[in-house]
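User: I've got a new model open on my screen and I'd like to talk it through. Can you help me read it?

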Amino acid sequence: MSTTPTPSPGPADGGSSGGSTGSTGSSSGGSRNGGDPTGGSRNGGDPAGGDPAGPGAVGPPVRRPSVFERLAVFSHRHRRRALLLWVLTLAAVTALAGLAGSDYRNDFSLPGTDSQAARQLLEEHGSAQAGGTLDIVLEAGGGVRDAAVRDRVEPMLAEVAKLPRVLDVRSPYAEGNAAAVAGNGRIAYATVTLDGPAESVPVEDVRRIIDTAQEAGGDGLRAEVGGDAARAAEEGGGGAAEGAGMLGALVVLVLLFGSLVAASLPVVTAVFAVGVSVGLIGLASHLATVADFTPPIMMLVGLGVGIDYALLIFSRYRSELLRGAEPEQATRTALDAAGRTVFFAGCTVIIALLGLVVLGLGSLQGVALAVVLTVLVTMLASLTLLPALLGITGARIRRNVEKRAAKAAGEEGARWRRWATGVQRRPWAALVVSLLALGALAAPAADMRLGFADAGNDPETKTSRQAYDLLAEGFGAGFNGPLVIVSDPAGANASDPGAAGAELRRTLAGTPGIAAATPPVPAGDDSGVSTVIAFPETSPQSAETSELVGSLRDDVLPALERETGAEYLVGGPTAASEDFAATVADRLPLFVSVVVGLSALLLLVVFRSVLIPVKAALLNLVSIGAALGAITLVFQHGWFGVEPGPIESFIPVMIFAIVFGLSMDYEVFLLSRIHEEWERTKDAQGAVREGLAATGKVITAAAAIMIVVFAAFVLSPDRMLQQFGLGLAVAILLDAVVIRCLIVPAVMQLLGRRAWWLPSALRRLLPKVELEHH
C-alpha cells in the first residue's frame, strides 16, 4: 500500500522543483497528468528523477530520463556553475588564442592538374617563377622616365628589395626591361618576386611592401601595388555585418516575445558559442590547414545557427509555461523535445559539411571542419548554457509569458491552422505555382560560371584595384592575368634544349587571343626548363580567357608537343582558377549524392517513412537551386548595380552544404510535430494542420532571424561574403515561406496516409528513434 504524492511546485524564481515524500515511497510532481513520469526521488533516487520510488512503490514502471532531460536538470539546478563554466571556457580559449595567435593559410593545391604540375616543375628546377609576385605600378603625369621621378622610385625599390619574403625586384629602369613602361610613358611597373606562393606569404610582410611603395607617392607620382598577395592583405572580415546581424536578430526576438530579457537569451547563447569556436579554430590553425577566410564564415553560420537552435528550444519552453508547467519541468520538457530536434538538425548540418571532404580540396576541407566545430559548440551551448540561463531568468520570463497570454486574443496557432486548411483545399494550385516560381528563379543557375573575381571587382579605394586599372590602361586588360607556360624539353633535342622555349614563344605570339608573349626565361639550372609569360587580350575573369586556356591545352600546345617532343604546361593564378573551378564542377555530383543520401537515410530512420526523405531531399535541392539562381543574377549578370563577374568557385558547394543542413532544421521541426500528431490520431490531414499550427510561428521567426543575420553580410566589403550572405538569406527565405508554408502542406495533403508508408521489411530492420517524448 502506498500514498499518492502531492505535487510540489518549484520556487517562483525557476529553481528546482522537489518532490514530496509519501509513507512508503516518493516522487516529484510537476506534471498536469498526476505526476511527472521523470520525477526524481529525494530518498537517494536518480537526481534527474528516473529511479522508482522504492521497493514498496505501486504503479506502472517509471521511464528512465533521457540524456537531454539529465542535461536540462543539471544545468537548471546548477545554473550559476554552468554559466560560470562557460564564462571561464570562453575566457580561457580567448586568452590562449590571443597568446598563440593564428596561423591561417590557404591551400589551393590541386594534384593532377596542369597548373599544379607547372608549379612543381618550376620548384624542382629552382625557378623564381615558382614564387608569387607583386606589381608595383607607377603613374607620373610628366612621364615615369623623368629624372626626378626616377630618383624617387629607385630608392623605394631598393628598400623593398631588403624587406622580408622578397626574393627579387625587377625595376622598369633595368636594362632589357623597356617593356615594363607603357607606350604612353606615363605608366610603368616593377615586378616583386616573393620567396613563396602568394597564399603562403604572411599578410604583415605584404602590407610592409605596400606601405613602403606608397610612401614614394605624392607630388604627381602614384604608386599602387597589385597581385593576389596584395588583394589578400587588404581583405577584411564581415566589418559591421556581425553587429548589424545580431541587432536585427534581437529586434525580431523582442517583437516575437515582447521581452528584452527573453529575446536576449538566444543571442547570448550564440555569442558564447561563436566566441569559443573562433578561439578554438585559431588554435587549430597551428595544427591543420585552415583558410584565412574561415573566421567570417564561422561567425556567419555560428550566429545564425546559434540563435536558431536556442530559439527552437526556448519556444518549446515558453509553450510549456503556457500549459502551466513549472520552470524546471518546462526546461526538462523543452530539451527532451526540442533539444532532440536541435541535436538531429545539428547532425544533418555536420553530415552536409563533412560531405565537402569528398571533394578532395584542401582549401575547403579546413573550412568544413571549422564550421563543423562551430555547429558542435553551438549545439552544446544550446543544450547546456541555455537551460542555465532559463534557470536564472525563469521567474521573469514566466511573468512575461503569463502577462502576454492574458492579453492575447484567440487561440495560439489559430491563424496558421486556417492557413494550412486553405492550402489543403487547393493543394495542386499551391504546389504548381510554388514550383514554377522556384524553377524560374533557379533557371539562371544553369548558366552559372565558376571562377574567381579579379581585382577589377574590388572597391575602388583599394590599392589592388587601382593597380589593376592602371595596368589595364597602360598595357591592356589581359596584363592583369598572365598565363605562365612552362616548357620542359625532356625528350626533345638534347643538343639545343632552349629551342623548345623559343618555339613556344613563336607559337604563342601567333595564337588568337594572346596580345603578347615574353622571351623564354630559363630556370635556375641547366635543364633547359624555361617559362614564357603570355598576356591574354581579355581580363582574367572573362569567359574569353577561360576559352583561351582550354584552347591552349586542348589544341595549340598538344600540336606543338608533337612537333618538338617537349612538354608544355599552362600554369599561373589564372590557369589555377580555371583548374579549381573545373575540379569543383567535376566532383559536384559525387558531393551532392553523398550529402543527400546520408541525410535521407537519417530521415528514413527518424520518421520511418520512404516518401518523407525523398520529398525533403527534392525540396531542399529546389530551394538551393533558386538561391544559386539569385546569386547568378546579382553577381554574374550584374543586377542591382553589382560589378559583373564569375561566381567564386567554392560558393555553390559551401552554400549547398550549409543550406541543406539548415533546411533540415525546419524540416525536422515541422515534421516531428506532424509525426507526433499522426502517431496520436492517425489523421493525416489533421496532423498537417496541427503541426503547422504548432510550429509555423517559430519557423517563421527563426527564418526571419537567420535572414537578418545572413543578409547583413551583404554589407561586407568582401565579394565572397556578399555572395554567401545573399545565397543563404534567399535560400532560408524560400525554404521557410514557400516550401514549409506552401509546398510541404500541399504535398502532405496529396500523399495522405501514404506519406508514412514504410515496407514491412524495412520496418523490422530499422532502429526506432524517438524524436519526441511529449
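Predicted model: local features only at pLDDT ≥ 70, side-chain atom pairs only at ≥ 80, totals over all residues.

User: How many helices and strands does the chain have?
Analyst: The chain runs to 774 residues, and buried residues make up 54% of them. As for secondary structure, the count comes to 22 helices and 13 strands.

User: Which residue does Asp 579 meet in a salt bridge?
Analyst: Asp 579 belongs to helix α17 (residues 573–607), and its partner is 26 residues away in helix α16 (residues 543–564). At 7% relative accessibility, Asp 579 is buried. The two side chains come to 2.6 Å, N to O, and the partner is Arg 553.

User: How far apart are N and O in the salt bridge between Glu 139 and Arg 222?
Analyst: This is one of the 24 salt bridges in the structure. The pair links distant parts of the chain, with Glu 139 in strand β3 (residues 133–140) and Arg 222 in strand β6 (residues 221–226), 83 residues apart. Glu 139 is buried at 15% relative accessible area, while Arg 222 is partly exposed at 32%. The N to O distance is 3.1 Å.

User: Which residues are linked with Glu 139 in a network of salt bridges?
Analyst: Glu 139 and Arg 222 meet in a salt bridge, and both belong to a network of such bridges. The residues linked with Glu 139 there are Arg 186, Arg 222, Glu 224 and Glu 473.

User: Which helix holds both Glu 676 and Arg 673?
Analyst: These two form a salt bridge, with the closest N and O atoms 3.4 Å apart. Glu 676 is partly exposed at 22% relative accessibility, whereas Arg 673 is buried at 13%. They lie three residues apart, about one turn, in helix α19 (residues 651–681).

User: How many residues of strand β8 are buried?
Analyst: In a regular strand, side chains alternate between the two faces of the sheet. In β8, Leu 483, Ile 485 and Ser 487 point one way and Val 484, Val 486 and Asp 488 the other, and all are buried. For residues 483–488, then, the buried count is six of six.

User: Which residue in β12 is the bridge partner of Ile 485?
Analyst: β8 pairs with strand β11 (residues 530–536) in the antiparallel sense over five bridges, and there Val 484 has Ile 533 as its bridge partner. β8 also pairs with strand β12 (residues 567–571), antiparallel over five bridges. In β12, the bridge partner of Ile 485 is Val 570.

User: Why is the pair of Phe 452 and Phe 650 tilted?
Analyst: A search of the whole structure finds 12 aromatic pairs. In this one the ring centres are 6.0 Å apart. Planes under 30 degrees apart would be stacked and over 60 edge-to-face, so the pair counts as tilted because its planes are at 55 degrees.

User: How many residues apart in sequence are the parts this pair of Phe 452 and Phe 650 ties together?
Analyst: Phe 452 lies in the loop between β7 (450–451) and α14 (463–475), and Phe 650 in the loop between β13 (647–648) and α19. Phe 452 is partly exposed at 23% relative accessible area, while Phe 650 is buried at 3%. The parts they tie together are separated in sequence by 198 residues.

User: Which residues make the nonpolar surface patch of about 260 Å²?
Analyst: One member, Val 87, is found in helix α2 and is partly exposed at 36% relative accessible area. The patch is made by Leu 84, Val 87 and Leu 88.

Notes. Residues numbered from 1 in each chain as written. Heavy atoms only, no water. Salt bridge = Lys/Arg side-chain N within 4 Å of Asp/Glu carboxyl O. Helix = DSSP H or I, 4+ residues; strand = E, 2+ residues; numbered from the N terminus. Buried < 20%, exposed > 50% of the residue type's maximum accessible area, 1.4 Å probe, protein only. Patch = residues over 30% accessible without salt bridge, like charges linked within 9 Å, V, L, I, M, F, W, Y side chains within 5 Å. Areas by Shrake-Rupley, 256 points an atom, 1.4 Å probe, with all protein chains shown as cover. Pairing = 2+ DSSP bridges. Phe/Tyr/Trp six-rings, centres within 6.5 Å; stacked < 30°, edge-to-face > 60°.
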